Amino acid sequence: MKQFLIFLAFFNFLNVKSQTTLIPDSNFEMALIELGYDSLLDGVITTSIINSVTSLDVSGNSISNLTGIEEFANLI
């Protein structure tokens, strides 16, 4: 039973971890914060929030790395 609970806890950890998108460029994440899509400068954003974004203007923010933009699945 104890092993099952450990497995369940580990699976839950993996599930929670997969619900975030890595945003390594702090300028990119700061732009997302200013647009109201994120609230904490921590290198990640909640994936479910960005799934509804259809347009994104982050120009003029000195962004050098757009890693994470591929998760904005509904950008037009």
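Buried means under 20% relative accessible area, exposed over 50%, and partly exposed in between, with a 1.4 Å probe and protein chains only. By that cut-off, 22% of the 76 residues of this protein count as buried. The model is predicted: local features need pLDDT of at least 70, side-chain atom pairs count only at pLDDT 80 or more, and totals for chains, interfaces and linings use all residues. Residues are numbered from 1 along each chain as its sequence is written, and side-chain values use heavy atoms, with hydrogens and water left out.

**Fold and confidence**

- The protein has 3 helices and 2 strands. Helices (H or I, at least four residues) and strands (E, at least two) are DSSP runs, numbered from the N terminus.
- The order of elements from the N terminus is α-β-α-β-α.
- Mean pLDDT is 87, and 78% of the residues reach 70 or more. This score is the predictor's confidence in each residue, from 0 to 100.
- Confidence is lowest in helix 1 (residues 2-17), with a mean of 59. It is highest in helix 2, at 98.
- Contact means heavy atoms within 4.5 Å. Of the contacts between residues at least 6 apart in sequence, 44% join residues at least 24 apart.
- The accessible surface is about 5400 Å², and 59% of it belongs to carbon and sulfur atoms. Areas come from the Shrake-Rupley method with a 1.4 Å probe; for residues, only the protein chains shown count as cover.

**Nonpolar core**

- A nonpolar core is a set of buried Ala, Val, Leu, Ile, Met, Phe, Trp, Tyr and Cys residues joined through side-chain atoms within 4.5 Å.
- The largest one has 9 residues: I23, F28, A31, L32, I45, I50, V53, V58 and F72. Helix 2 (residues 26-34) gives the most to this core, with 3 residues.
- In soluble globular proteins, nonpolar side chains tend to be buried together.
- I23 is in contact with F28, E29, L32, G43, V44, I45, T67 and G68, leaving aside neighbours within four places in sequence.
- V58 is in the segment after helix 3. At 14% relative accessibility, V58 is buried.
- With neighbours within four places again left aside, V58 is in contact with F28, A31, L35 and I63.
- The C-alpha atoms of V58 and L32 are 7.8 Å apart, across 26 residues of chain.

**Aromatic pair**

- The structure holds 1 aromatic pair. F28 and F72 form this tilted pair, at 6.4 Å centre to centre and 35° between the planes.
- F28 lies in helix 2 and F72 in the segment after helix 3, so the pair ties together parts that are 44 residues apart in sequence.
- Rings of Phe, Tyr and Trp (its six-membered ring) pair if their centres lie within 6.5 Å; planes under 30 degrees apart count as stacked, over 60 as edge-to-face and the rest as tilted.
- Both F28 and F72 are buried.

- The buried residues of helix 2 are F28, E29, A31, L32 and I33. They pack against strand 2 (44-46).
- D25 sits in the loop between strand 1 and helix 2. D25 counts as buried, at 7% relative accessibility.
- At the start of helix 2, a side-chain oxygen of D25 comes to within 2.8 Å of the backbone nitrogen of N27. The D25 side chain also reaches the backbone nitrogen of F28, at 3.0 Å.
- Not counting residues up to four places away, D25 touches I63, S64 and N65.

**T21 in strand 1**

- T21 is in strand 1 (residues 20-22). T21 is buried, with a relative accessible area of 5%.
- The T21 side chain makes a polar contact with the side chain of T47, at 2.7 Å. A polar contact is a pair of N or O atoms within 3.5 Å; within protein, one must be able to donate a hydrogen and the other to accept it, and residues adjacent in sequence count only if both atoms are side-chain atoms.
- Leaving aside neighbours within four places, T21 is in contact with G43, V44, I45, T47, I50, G68 and E71.

**S62 backbone**

- S62 has a phi near 55°, a positive value in a residue other than glycine. Most residues other than glycine have a negative phi.
- S62 lies in the segment after helix 3 (47-50). S62 is exposed, with a relative accessible area of 62%.
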